[in-house]
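Student: Before we go through the ligand site, I would like each term to be set against its definition.

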Amino acid sequence: MKIFLDTANISEIRRAAEAGLIDGVTTNPTLLARASGGKDAKEIFKEIAEIVDGPVSAEVVGLDAETMLSEGQRLAELHPNIVIKVPLTEDGLKACRQFRAEGIGVNVTLCFSPLQALLAAKAGATFISPFVGRLDDIAADGMQLISQIRQIYDNYGMETEILVASIRHPQHVVESALMGADCSTIPPKVLWQLAKHPLTDKGIDAFLEDWKTLGQDL
Ligand code: G3P
């Protein structure tokens, strides 16, 4: 399963890229507003795309297909790693089909149902982003949506990659991998949690204590 980092924070992206842990980055207007510090969004997309060797999702803000297409075409020119993120609306699907015809990668976002995911695949989306955490927030079952989309895409050999989004905790990542999701986009805090286990820390402490009794250097 590919791991994408869900942030526009450059230092977190650098840290994860230097650790060799990420295959791409996803952003959205909220994440940009949090991280920009007044910097131009297009400059941030470019900087991220230069750090990461993989797809970097940059979201359009227009609501009609024509505006999405002109915004997306400008974004796609920034760097070959840029993938255009469009919302799962009728206009978003229309823009998706056109971007794909032009050879531009598309991440269709804000997906909350298996039928929306089916339509995104039919529009040729590169990635579909189902938001599992936001479904859990309204007492629905976010991970059940992933399992449904996996089954539908497998039934028909659809090549759109399932990019699990709105991940809130490591268990979402475990279940995504078990269900055969293609990618998970993970907030930095959760990514660092994945590496942690109290028994690992306890084991290191015990080994170091025992090593001290040898009184040797390596
Ligand atoms: O990639 C979009 C997704 O990260 C949204 O997450 O936590 O705002 O629901 P959240």
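Student: How do you know how the shell around the ligand divides into nonpolar, polar and charged residues?

Tutor: The shell divides into 2 nonpolar, 2 polar and 4 charged residues, because Ala, Val, Leu, Ile, Met, Phe, Trp, Tyr, Cys and Pro count as nonpolar, Asp, Glu, Lys and Arg as charged, and the others, Gly among them, as polar. The residues around the ligand are D6, N28, K85, F131, R134, A165, S166 and R168, where being near means having a heavy atom within 4 Å of the molecule. This is a predicted model, in which local features need pLDDT of at least 70 and side-chain atom pairs count only at pLDDT 80 or more, while totals for chains, interfaces and linings use all residues. Residues are numbered from 1 along each chain as its sequence is written, and side-chain values use heavy atoms, with hydrogens and water left out.

Student: Why is the lining of the second largest pocket said to have no polar residues?

Tutor: P29, L32, A41, K42, F45, E59, V60, V61, E71, R74 and L75 line that pocket, and under the classes already given they are 7 nonpolar and 4 charged, therefore none is polar.

Conventions
1 Å grid on protein atoms, 1.4 Å probe; cavity = no way out; pocket = protein on both sides within 12 Å on 5 of 7 lines; lining within 4 Å.
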